[in-house]
Amino acid sequence: MSIQVENLNVWYGRSQALYNVNLIFEPLSVTAIIGPSGCGKSTFVRCLNRMHEEVPGASVAGEVRIDGVNIYARSIQPMYVRRHIGMVFQRSNPLPNRSIWENVAIGPRINGLAGGAALKEIVERSLKQAALWDEIKDRLSESASQLSGGQQQRLCIARALAIEPKIILMDEPCSALDPISTFQVEELIKQLKSAYTVIVVTHNMQQAGRVADNTVFFLQGKLIEKNKTEKFFSHPEKKETEDYITGRFS
Amino acid sequence: MSTVVEKQSAANPFQAPRTAQNARRKASNIVIIFFSLLATAFAVTVLLYLLLYVLRSGLPYINVALFTRIPTPNGEPGGGLANSIQGSLILVGLASLFGIPLGLFTGIYLSEFGRGPIATGVRFLVDVLTGIPTIIFGLFAWIFIVVPQQSFSGLAGGVALGIIMIPIVARTSEEVLRLVPKELREASLALGATESRTILQVVIPAARNGIITGIVLAMARVAGETAPLLMTAFGSPFFNSDITQPMDALPLRIFNFAESPYQAQINQAYAGSLVLIVLILLTSFAIRWATGGFKQQR
Amino acid sequence: MLGGGSRRLSDTLFRGFTLLLVLFVLVIIAGVTWVLVSNSLPTIRQFGWSFLSNRAFDPIHNVFGVAPAIFGTLVTSAFAIFFAVPIGVGTAIFLVDFCPRPLRMPLAFIVELLAAVPSVIYGLFGFLVLAPWLQTVGQPWLQKYLGFLPFFQGQFHGLGLLAAGMILVIMVLPLITSVSREVILTTPTAQREALLALGATRWEVIRHAVLPYARIGITGGVILALGRALGETMAVTMVIGNQASPIGPSLFNTGYTLSSVIANQFGEATPGLFFSAVIEAGLLVFMITLITNIIARILIYRMGRVGGLAA
């Protein structure tokens, strides 16, 4: 699915967080969004699946068009937008009282996507896609909180995949993980792009370089630059971009 | 209109799907909203109805006599609840004398000194104390004071009420004392003050508002208590400030008059209830306001 | 909190004084227990377990028992919990998740005010308003439409188990609401967001993320409320009729509870068995509420400290 962001302005109450963002995401690609803390990258990504409006006092102006449809149109409810977009959070958040299997099944189940045998198939497929199946296939009924940090995050990815989204949003998915788990998740991201449009927020520029086709740079709520990753890091167009990637400010 | 909608849903995956499952989801959501709204409305309505009813029934009988005269015999008109109000004041005062120091210092212990399993045990016991029905403390005072003295007394009532105050004061004091920043204590100690001085002259004053709030809360609580007074203070239709004798209290008088065959006394029961409720409401508001409870939370 | 430092005489005195007062409090707690137990011994020795099955306080034949009182206590409390839990939890859910923001604090405050009303005023209201209404309107209506149920058969007394149960619903409601509300508020946002991101409705978020998390704490609150209902004295005494009825399923019957027995009989109690019987009723109330309280507190502590439960 293609994503087209047009004149997006976002506020938390009175203070503005994003200024006039215009951006296009190509389908079936991985885009990394980088920028210093507080630059608005998390806020931006949360606007793509209308999670931002869950914050009290939050407001949005502008359009976000996914496959041509403006998801902020009046006739569209956030629920049905989120149903088509998978989200993975910074800290893995599996439902602690539920089993591994149930954690993955809950998405399709609530949305009425499948039941019975078809549901089992979806769960297995999602866990395989998330490269978690082999590790836990004998332990499906165990509580999700028994898994390690890296496994929990991959479980959350499987959970997101289970609702068969076209777009996957990841908000700093590896920041709470150890290097090995990080590596596993990064490999996973690279595989996912063959079937999904993936957007990854990261504060780790090397990670962006490793996994992303395109890279986007935000600074103080404004979109500064977007480019193919290689070109982005080797020949940045804007001065701010260059300052950031050379580490002049964190 | 319908063609536009249909065209949209064909190309628009974000439109709500027209499935039975989906209709059910929407319906459940609405049912829950409706039901929870109903529940809240019930609770709010009951309270407002109660308050307004007492207001309407009691207000006409609020007059100066209520606060200056004692009850008339046999429900003759006139008369008032002056002795009950006086009795309540004395009893609450007595209870405070007993309950505030015990409660406050228990709070100080739990916050400043208590460590390890003993403190946990004490805290647990104090918490459990709040759940004991107040009539039990009346029984205690009855056996301990009334029976040996062969007389109902305000003292017994005050003791029973005082015990009720202890856990309330203890827990609220402990909580506000804990909130005092560690740095404040350390600064005081670093200046050479002793531990006792630090607590008495630095920590407690810092937590003063919260402590006072807890005390006022406890006093308002016991001001409305009836059960423990039944067998201790017992009640009296006359003025009495001798704590070794039976003493009246507003809730006792309300209890007495509510079941009276005389309409005049029933009216005064309502009037007394109104006085009591207004007192409690004012206290609740004051406490809320003092602790900033009117600020938005979420 | 305060470690080491120079210990001087004033410190020792202060500490000593504090510990003394704490000790005094513990002594009071122990004293209450001891006084109840030792003064119940006569009837305990005389009747043993049959105290719980004997049907009445009969000073003439010197037989004492609290069976109808236990029945009344259990029935009214069960009734109260049965209705107060859905209403209380429902209110909590509304206040946290659905209520328009500016109304949240005022409504929550109003519900909490219900807890501040003294029980004698609930009793007054029950006796003078609710009971007559039940007798003339409520009970006939119930019998007309639901009379096939054994709960609603029999004479219309107004006063009785139904009235007491209804008053208790209102009295325990604020407790359930405030505990549930506090617990629901502490549900980690991450859990809620996980469900939201999957396209869940508000109710689905509550059902799958909030309630499983809050379940333990809410149960603790319910048990606390149960303890409160079991021990409530004044309001119940004023509306329950205080007359024996045959132990049967009808809620229209009058009856009494353990607490109302104490309130009504202490004045009549002659020294000896009668006196001891009243105290033993108190001991029973004490033990029942102690146990429910302990269980409830354990559950609530397990959820982490929910601040400020001055309940």
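Is B:Asp248 buried or exposed? B:Asp248 counts as buried, because its relative accessibility is 2% and the cut-off for buried is under 20%. The model is predicted.

## Salt bridges

B:Asp248 pairs with B:Arg253 in a salt bridge. Their closest N and O atoms are 2.8 Å apart. B:Arg253 is also buried, at 8% relative accessibility. Over all chains, the count of salt bridges is 31. Three of them are set out here.

| Salt bridge | N to O distance |
|---|---|
| B:Asp248 and B:Arg253 | 2.8 Å |
| B:Glu112 and B:Arg185 | 2.5 Å |
| A:Arg46 and C:Glu193 | 2.9 Å |

Take B:Glu112 and B:Arg185. B:Glu112 sits in helix 4 of chain B and B:Arg185 in helix 8 of chain B, so the bridge ties together parts that are 73 residues apart in sequence. B:Glu112 is buried, with a relative accessible area of 0%. B:Arg185 is buried too, with 1%.

The bridge between A:Arg46 and C:Glu193 joins two chains, because A:Arg46 belongs to helix 1 of chain A and C:Glu193 to helix 6 of chain C. Both residues are buried.

Chain B also holds a network. Salt bridges with shared partners join B:Arg123, B:Asp127, B:Arg171, B:Glu174 and B:Arg178.

## A covered helix in chain A

Helix 1 of chain A spans residues 41-48. It is mostly covered, with 7 of its 8 residues buried. Among them are A:Lys41, A:Phe44, A:Arg46 and A:Leu48. A:Arg50 follows this helix and has a positive phi, near 55 degrees.

Most residues other than glycine have a negative phi.

A:Leu28 has a positive phi near 55 degrees. A:Leu28 lies in the loop between strand 2 and strand 3 of chain A. Its relative accessibility is 46%, so A:Leu28 counts as partly exposed.

A:Gln220 has a positive phi of about 50 degrees. Its loop runs between strand 9 and strand 10 of chain A. A:Gln220 is exposed, with a relative accessible area of 62%.

## A nonpolar patch on chain B

Which residues form a nonpolar patch on the surface? They are B:Leu48, B:Leu52, B:Leu55 and B:Leu59, with about 350 Å² of accessible area together. B:Leu48 is in helix 2 of chain B, residues 20-58. B:Leu48 counts as partly exposed, at 39% relative accessibility.

## Pockets and cavities

The second largest pocket holds about 910 Å³ of space. Its lining has 31 residues, and the closest to its centre are B:Phe42, C:Phe79, C:Met166, C:Val169 and C:Ile170. Helix 2 of chain B gives two or more residues to this lining, as do helix 2, helix 4 and helix 5 of chain C. Helix 4 of chain C gives the most, with 10 residues. The lining divides into 30 nonpolar residues, 1 polar and no charged.

The structure also has 8 cavities of 30 Å³ or more. The largest cavity has a volume of about 90 Å³. Its lining includes C:Pro68, C:Phe71, C:Leu161 and C:Tyr256. Helix 2 of chain C gives the most to this lining, with 3 residues. Here the division is 7 nonpolar, 5 polar and no charged.

Definitions and conventions:
Residues are numbered from 1 along each chain as its sequence is written. Chains are lettered from A and ligands numbered from 1 in the order in which they are written. This is a predicted model: local features need pLDDT of at least 70, side-chain atom pairs count only at pLDDT 80 or more; totals for chains, interfaces and linings use all residues. Side-chain values use heavy atoms; hydrogens and water are left out. On a 1 Å grid over the protein atoms alone, a cavity is a set of points where a 1.4 Å probe fits but cannot get out, and a pocket is an open set with protein on both sides within 12 Å along at least five of seven lines; lining residues have an atom within 4 Å of a point. Grid points are joined across faces, edges and corners, and a volume is the space filled by probe spheres set on the points. Helices (H or I, at least four residues) and strands (E, at least two) are DSSP runs, numbered from the N terminus. Ala, Val, Leu, Ile, Met, Phe, Trp, Tyr, Cys and Pro count as nonpolar, Asp, Glu, Lys and Arg as charged, and the others, Gly among them, as polar. Buried means under 20% relative accessible area, exposed over 50%, partly exposed in between (1.4 Å probe, protein chains only). Patches are made of residues with over 30% relative accessible area and no salt bridge: like charges are joined within 9 Å, nonpolar side chains (Val, Leu, Ile, Met, Phe, Trp, Tyr) within 5 Å. Accessible areas come from the Shrake-Rupley method with a 1.4 Å probe; for residues, only the protein chains shown count as cover. A salt bridge is a side-chain nitrogen of Lys or Arg within 4 Å of a carboxyl oxygen of Asp or Glu.
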